[in-house]
Amino acid sequence: MSSVFSVGQFELLFGKSLDAVFFMEKVHEDYRYIHVNEAAIKLIHMDPTGKFVGQVVPSHLAQNILKNYNLTLQNCEQVDYEDYTYAEMEVRKQHTSTIPVIEGDKQYILAITKEVHLNRDTEDKYLFTRSLFFKSFLSSIVISNEMTLIEADPKFADDYNLKPEIVKDTTIFDLPFVDTKNAAILRKYILLAQEEKNIPSKMLYFIDKSGQTRHYSATFSSLSSNDEIFAVFIILQEITSFIKQSQALKTASHGLDMFKNAISSVADVLFTSLDGTILDVNDRVIQNTGYQREELIGQNHRIFSSGYHEPQFYENMWNTIKSGNIWRDEVCNRKKNGDLYWMDSTIIPLKNVQGEIDQFLSFQYNISSQKRLMSELHKIEQTFRAITENTNDFIVITNRCGLIKYASPSYTRKLGYSHDELIGLPYERLLTSDSQAIWQDVIQQPHTSAIQEQKIELQLRSKSSAAIWTEGNYTISTELMEQEVAEIVMVSREITERKELEKRLTYLAYHDSLTHLGNRRMLYKEFPMIVERAKETETSLAIFYLDGDNFKQINDQYGHDVGDEFLKCFAQTIVSSVRHDDLVIRFGGDEFLVVVTGLSLESFERMNQIRHIIDRLKAQLAIGWEINNVHFSPTSTIGIAIYPENSTDLDELIDLADQALYEAKQTSKNSFQLCQETQLK
C-alpha cells in the first residue's frame, strides 16, 4: 500500500470531485489501482481497487491508456490525452490528465478524467439526422473506430436481437448477424469511410434473429469531432422483397406453364367470382364430379353442397377469404350422381392491380380414402383404448399434418394436459425446439410404401416446462391408391434417466472430475478448431505447460483433502489469469496446459504478450488463497512452445513445451522458458 496517500487523505482531497480520479502503482508492465473516488467507480461501473488495468479495461482501450501512463513516467511530467468509450449504445468522450508520483523506487500515476461533450455542431447534426432515420423506413447503425457497434435504430436492434449485454466489448464482425463472408466486405467499407473516402451505395446482407437473410443497400459516412473521426454512420435501406420478387419473377416466367400443368394433374382447380359463381374449372373437376363444363360454368359453388356441414362452417370460410386470408379445411361434397366425396380444400383470394379481391382460386385434393380409414379406425377404437388405457408408454396418432387425433392417457398423466387440450393440437407443440425439427422431417418426408416404420428419439415438454426424453417407433400409413399419408402412429417410452446418464458420462469424458477443467480428450477435440481460428485471424498460439512448484509437500503436510482443494484453487487462478478465449486443461496431477490464443505472429510483440500473461498469473498466485485457515501463495514453472513457429503438430508442441519446462526447472523454479530459447525469469 502506498504511503503517498492514506485512504482518508485521498477521500478528503478527491472524494467530492465530480471528475473521476484514479491513483495507481506501476507493477511490471501494468498498473494496479490503489485508490479511486466515487466518480471513477460510476464512470467504469465497478470498484477496481486491487485490480490491474488489463483486468478492468477492454484490451483495445487498455493499450492506449498504458501507453500514456508509461509516457508520463518516462518524461516525468503531466500528460493530457483524449479518448472515446462506448457504453449502453452511446458515444462518450473523456479528457484525462496523468501526473507522475515517485516515492523511492516505486512509481505511481494520479489520473484525473473529465467527460467532454462532443462538438455541439457535430452532435446536433448527428442527432437531427438520426431522428430522421429512426422514424423512417430506413435503418441506421453507428460503428466505432474499434469496430464495435455503438448504436442501432430500435427496429434494426429488435430485428437482430441487439442488446447492450450482447454487443458490449464485441466487434460487429463477431456478432451473430454478420457471417464470415459479409464481415470481410463490411470491414473494407468501414475502413474506407474512416479514411473519409467517397463510397457509392453498396449491397450488404445480414442474418436476422429468426435466421432469415435480409438484403440492404448501404451508404457509409464518417462522424468526426474537432477534426478527429470517431465513428462511421451507416444508412441501410432494406431491399429483401425486391430481390425475392426478382427471383420469383424469373422462376415464374421460366416455369409457369409447367406449374399450371402440374397443379392441374393432381388437384381439382376452380375459379369463382366474389359471390361464388363458377368462372372456370380444370379437367379433373369434370372427371371427378361427373358434370360437364357447360353445366358448371355460371353456376354457384353450392352445386357441390352435400348438406353435411353446418351453416357456420361456410360462414367462417367466407369471412376468412373475403378478409384477404387463405382458407383451408376438409369439405364433404356431392357428385352429380349423388355420391359423397371428401376434399382437402384451399381457397386463395386473388387481387387485381388496385389491390382489390376480384376472384377466388380453389385447390382441392381428394381425401375420401383417408376418411374411410378414419371410419375403420373408429370401429376398432374401443379395442384400441382397452389395450392402451393403462400402459405407461406414450402412444399417439396424428394426421398427415401432425395434428393429434389420439393420445394415450400417459400424455395427460405425465405432461399435465387434459384430453381435450391434446386432441387437434399440433404434435410439435409438445416438443422442445430441437425435437420439433426432427418431427418436421418425419411429417414432410416423401412416402412411397404403404407402411414405414422408423426409430425416433424426441424430447417432450410438459405443461410446466419439464423435459421428458422418449424413444420409440413411428409408423406412417399411406393410401395405397393416392400415395398420400393417412396418419402417423408412434409408440414411445420414457428414457429421461438414460439421457441424463449419457449427458453426465459425456461431460466426464471431456472434463477433469476434480477441477472441472477440460481434460486431454477436450484438448484434442478443441485444438483443430482453435488452429482454424488462428489461421483466419492470422495470429499464433502458445502452449503453456505449467507445473506447480513443491505441490507434493501440500499433500504430505496437510493431507489429500487439502491437496485436492488446493488444486481446485490453483486451477481457478489459472482460469482467471488468462483470457476468455484461452483453453485451460488439467493434464494430470499438478500439471496444467494452457492454449493461449490471439498472439502476434511477430516474435517481439508476442514475447511482450506472453510476459504480460505470465506476470498476471504470478501476481494472482502471489495473492493466493486460504484453506482451513492456512494461507497458500504458490509458484509455478512454465515451459512454452509456439504454433506454428515451433511446430504445427499438437503432440510435438506438447513435447517441446514439456522439454522447455524441464530446462526451466533445472535452472530455477517460478520461471518460464520458451522452446529452443534462453530461459527468461
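Hi everyone. Let me start with one term: a residue counts as buried under 20% relative accessible area, exposed over 50%, and partly exposed in between. Please keep in mind that this is a predicted model.

So where does Leu505 fall? Its relative accessibility is 49%, so Leu505 counts as partly exposed. You can find Leu505 in helix α18, which covers residues 496–510. Together with Leu501, Tyr507 and Leu508, Leu505 forms a nonpolar patch on the surface. The accessible area of these four residues together is about 370 Å².

Now for a patch with charge. Which residues gather in a patch of negative charge on the surface? They are Asp649, Asp651, Glu652, Asp655 and Asp658. Glu652 sits in helix α23, residues 650–667, and with a relative accessible area of 40%, Glu652 is partly exposed.

Six of its six residues are buried, so β6 is largely enclosed by the rest of the structure. Ser139, Ile141 and Ile143 point one way from the strand, while Ser140, Val142 and Ser144 point the other way.

And which strands does β6 pair with? One partner is β10, residues 228–238, in the antiparallel sense over six bridges; there, Ser144 has Ala231 as its bridge partner.

Technical notes
Residues are numbered from 1 along each chain as its sequence is written. This is a predicted model: local features need pLDDT of at least 70, side-chain atom pairs count only at pLDDT 80 or more; totals for chains, interfaces and linings use all residues. Side-chain values use heavy atoms; hydrogens and water are left out. Patches are made of residues with over 30% relative accessible area and no salt bridge: like charges are joined within 9 Å, nonpolar side chains (Val, Leu, Ile, Met, Phe, Trp, Tyr) within 5 Å. Accessible areas come from the Shrake-Rupley method with a 1.4 Å probe; for residues, only the protein chains shown count as cover. A salt bridge is a side-chain nitrogen of Lys or Arg within 4 Å of a carboxyl oxygen of Asp or Glu. Lys and Arg count as positive and Asp and Glu as negative; His and the chain ends are not counted. The place of a charge is taken as NZ of Lys, CZ of Arg, CG of Asp or CD of Glu. Helices (H or I, at least four residues) and strands (E, at least two) are DSSP runs, numbered from the N terminus. Buried means under 20% relative accessible area, exposed over 50%, partly exposed in between (1.4 Å probe, protein chains only). Two strands pair if DSSP finds at least two bridges between them.
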